[in-house]
Amino acid sequence: MGHLAFGYFFTFFTAMTVIIGDFAIKSAVDHGLPITSKHVILGIALYGFSAILWFYAMQHVTLAQAGVAYSMLTLIALAVLGAVYFGEPLHTREYLGLGCALLSMILMSRIA
């Protein structure tokens, strides 16, 4: 696996870890659970673990590349998760933002 691919691999798992943490916390909020609930504690633990993954991602890609990839992945996944699971509407502005995120990822990858 190439250096850049390895960095994106860790960036992808960092994003997925944070997304699962976000999902746990959003579920706690929607169900009126307290901040001390298992859902919130799980979300916090996943955020902490994602910092370790982020450390390894940045050993293989630039901060800009990791940041754009992470932002794109989380933006798209959270938008889909919000729409599908939590019933949050997606409007034209959101679709345009998702397109810009994808375009920025393509541009940053090509510069590398």
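Helix α3 supplies the largest share of the nonpolar patch, four residues. This is a predicted model. The patch lies on the surface and consists of Leu75, Ile76, Val80, Val84, Leu102 and Ile106, with about 500 Å² of accessible area together. Both α3 (63–84) and α4 (92–111) supply at least two residues each. Ile106 belongs to helix α4. Its relative accessibility is 38%, so Ile106 counts as partly exposed.

**Aromatic contacts**

The structure holds 11 aromatic pairs. One of them joins Phe9 and Phe13 in edge-to-face geometry. Both residues sit in helix α1 (residues 3–30), four residues apart, or about one turn of the helix. Phe9 is partly exposed, with a relative accessible area of 36%. Phe13 is also partly exposed, at 37%.

Phe23 and Phe86 form a tilted pair. This pair links distant parts of the chain: Phe23 is in helix α1, while Phe86 is in the loop between α3 and α4, 63 residues away. Phe23 has 27% relative accessibility and therefore counts as partly exposed. Phe86, at 21%, counts as partly exposed too.

| Pair | Geometry | Centre to centre | Angle between planes |
|---|---|---|---|
| Phe9 and Phe13 | edge-to-face | 4.8 Å | 65 degrees |
| Phe23 and Phe86 | tilted | 5.6 Å | 45 degrees |

The charged end of Lys26 sits over the Phe86 ring, 5.6 Å from the ring centre.

Phe9 and Phe13 also belong to an aromatic cluster.

Methods:
Residues numbered from 1 in each chain as written. Predicted model: local features only at pLDDT ≥ 70, side-chain atom pairs only at ≥ 80, totals over all residues. Heavy atoms only, no water. Patch = residues over 30% accessible without salt bridge, like charges linked within 9 Å, V, L, I, M, F, W, Y side chains within 5 Å. Areas by Shrake-Rupley, 256 points an atom, 1.4 Å probe, with all protein chains shown as cover. Salt bridge = Lys/Arg side-chain N within 4 Å of Asp/Glu carboxyl O. Buried < 20%, exposed > 50% of the residue type's maximum accessible area, 1.4 Å probe, protein only. Phe/Tyr/Trp six-rings, centres within 6.5 Å; stacked < 30°, edge-to-face > 60°. Lys NZ or Arg CZ within 6 Å of the ring centre and 35° of its normal.
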